[in-house]
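Thanks for coming, everyone. Let me put the structure up, and then we'll walk through it.

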Amino acid sequence: MRTLLIGAIITALTCLSACGGGGGGGSPTTIAPEPSTDPARIAQTRSDLPSAARIYDYLYIHGSGAPYEGFDGTYQGLPGLRRFASPPTVRLRAGMSDRETASAHYAVALINRALPYDLHLRIGPAFPDDYPQRSGTYFRDAPTGELFIEFTEGLRNTDGAPGFAYSDVGTTTPIPTSAQVGLNSEGFRRRPDHQAVSVLVHELLHTLGLGAHVPGDTYPDSNMFDAWFRLDGALPAIDAAALQVLYTRLGAYTPREDLSPAMLGAWEDESMDIGGSIGPVTFGVRHANDVDMPFTAGREPATALADNRALTGTVTWNGKLAGYTASQATVAGDAAISVSLDTMNGRADFSELETGDGSAWGDGDLGYTITVGGNYFRSTGGDAGTVNGQFYGSSHQGAGGSVERADLTAAFGAVR
């Protein structure tokens with residue numbers, strides 16, 4: 001095996017040129033029967049979260065500087081935990097396909113679902129295909145504070161890996177100042193969308209501060225062990241918790257000698273959830289450690305929405321929304337997703353929004369324009385905030401997603 005010691009000036013804190021994620025071929029997906037289409041019942045429940053001890057052990061792997069196994073050999077990162085001083089602006093390469101663009105947007109959305117709204121990655125304008133590269137490398141010369149994402153043909157410097165993550169650490173600071181994530185279009189053209197999303201999330205987590213690959217015997221549920229399994233509407237709990245500690249409990253740089261269980265502070269290992277199920281969709285929001293985390297889950301469709309020959313014209317999914325305000329009041333209401341299959345554009349509308357005491361939330365409704373790529377959809381305009389979601393059920397019987405704003409974090413599920 002080849003050992004690569006990473007330098008401290010211009011470096012990849014992750015895999016430098018190539019990163020396949022670990023875990024072999026990915027975890028199998030369990031095919032569940034289609035649930036009933038009974039009306040959604042919104043309720044509050046509790047969920048277990050990773051303990052402080054487990055999160056510390058996980059973060060120690062990323063910050064110890066010890067060697068770890070990469071796609072094509074043994075790698076060694078710099079010691080210490082390091083992250084962007086503030087969340088970078090994400091820019092996608094212009095000219096990517098609708099499917100690739102949708103996968104990139106959804107990968108960013110899954111990262112954001114684990115973070116408070118004020119720490120979300122924001123997506124800026126696309127960068128051109130001929131954007132300058134660093135001399136002698138494939139890597140783009142991304143500006144300070146920006147994170148580039150692209151699918152591209154025939155990636156160079158990747159030794160056959162499906163993708164890579166690159167972070168630039170300057171000479172005057174031990175933290176990343178810009179970054180790039182790339183996936184090989186050829187490698188994902190015939191793969192299901194969820195694999196592209198999962199690998200993108202893996203590489204994004206590298207650039208955001210989770211620099212190592214963790215062992216599968218200890219963390220089989222981590223995307224930093226297996227970059228191929230399906231991330232069903234949320235990050236794995238251990239990855240989400242580690243990201244939250246990095247960006248809400250720690251500074252931009254934590255030296256190796258400062259790694260200790262005390263760095264987490266008081267940590268809640270149980271969340272208060274609000275949500276429900278409708279048709280093939282489970283949806284809700286978990287609250288713990290001052291973070292609201294939307295999630296959805298369900299069976300993956302057999303085809304992309306545009307390829308479902310049983311559907312024509314404009315299709316509508318109706319259901320429910322549930323979530324929390326910034327002050328932790330509960331909010332619930334109706335949800336409606338409509339898509340024109342001729343244009344793959346549509347709307348996401350939320351109405352009859354009420355807080356737990358029965359009073360109207362805001363003016364009682366929210367509305368957004370949306371666009372669809374593959375089986376993912378995202379908002380393109382409308383009220384403040386963002387909508388991100390995906391379709392569920394073998395024949396797109398369901399739709400689920402998140403609504404995230406400064407004053408509301410919610411999830412929704414709907415059936416057609």
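**The pocket, then a helix pair**

The largest pocket has a volume of about 430 Å³. A pocket here is an open set of points on a 1 Å grid over the protein atoms alone, where a 1.4 Å probe fits, with protein on both sides within 12 Å along at least five of seven lines. Its volume is the space filled by probe spheres set on the points.

This is a predicted model: local features need pLDDT of at least 70, side-chain atom pairs count only at pLDDT 80 or more, and totals for chains, interfaces and linings use all residues. Numbering runs from 1 along each chain as its sequence is written, and side-chain values use heavy atoms, without hydrogens and water.

Back to the pocket. Its lining has 24 residues, meaning those with an atom within 4 Å of a point. Ala234, Leu235, Pro236, Ala237 and Arg286 lie nearest the centre.

Now the helices, which are DSSP runs of H or I, at least four residues, numbered from the N terminus. Take H1, residues 52-63, and H5, residues 237-248. Their axes, lines fitted to C-alpha atoms over the stretch in contact, come within 10 Å and cross at roughly 80°. H1 and H5 are therefore roughly perpendicular, the term for 65 to 115 degrees. Contact means heavy atoms within 4.5 Å. On H1, Arg54, Ile55, Tyr58 and Leu59 make the contact. On H5, the residues include Ile238, Asp239 and Val245.

Last, the whole chain. Of its 416 residues, 57% are buried, that is, under 20% relative accessible area with a 1.4 Å probe, protein chains only.

Terms used. Axes fitted to C-alpha atoms, helices over the stretch in contact; angles between N-to-C directions. Helix = DSSP H or I, 4+ residues; strand = E, 2+ residues; numbered from the N terminus. Parallel < 35°, antiparallel > 145°, perpendicular 65-115°, else oblique. Buried < 20%, exposed > 50% of the residue type's maximum accessible area, 1.4 Å probe, protein only.
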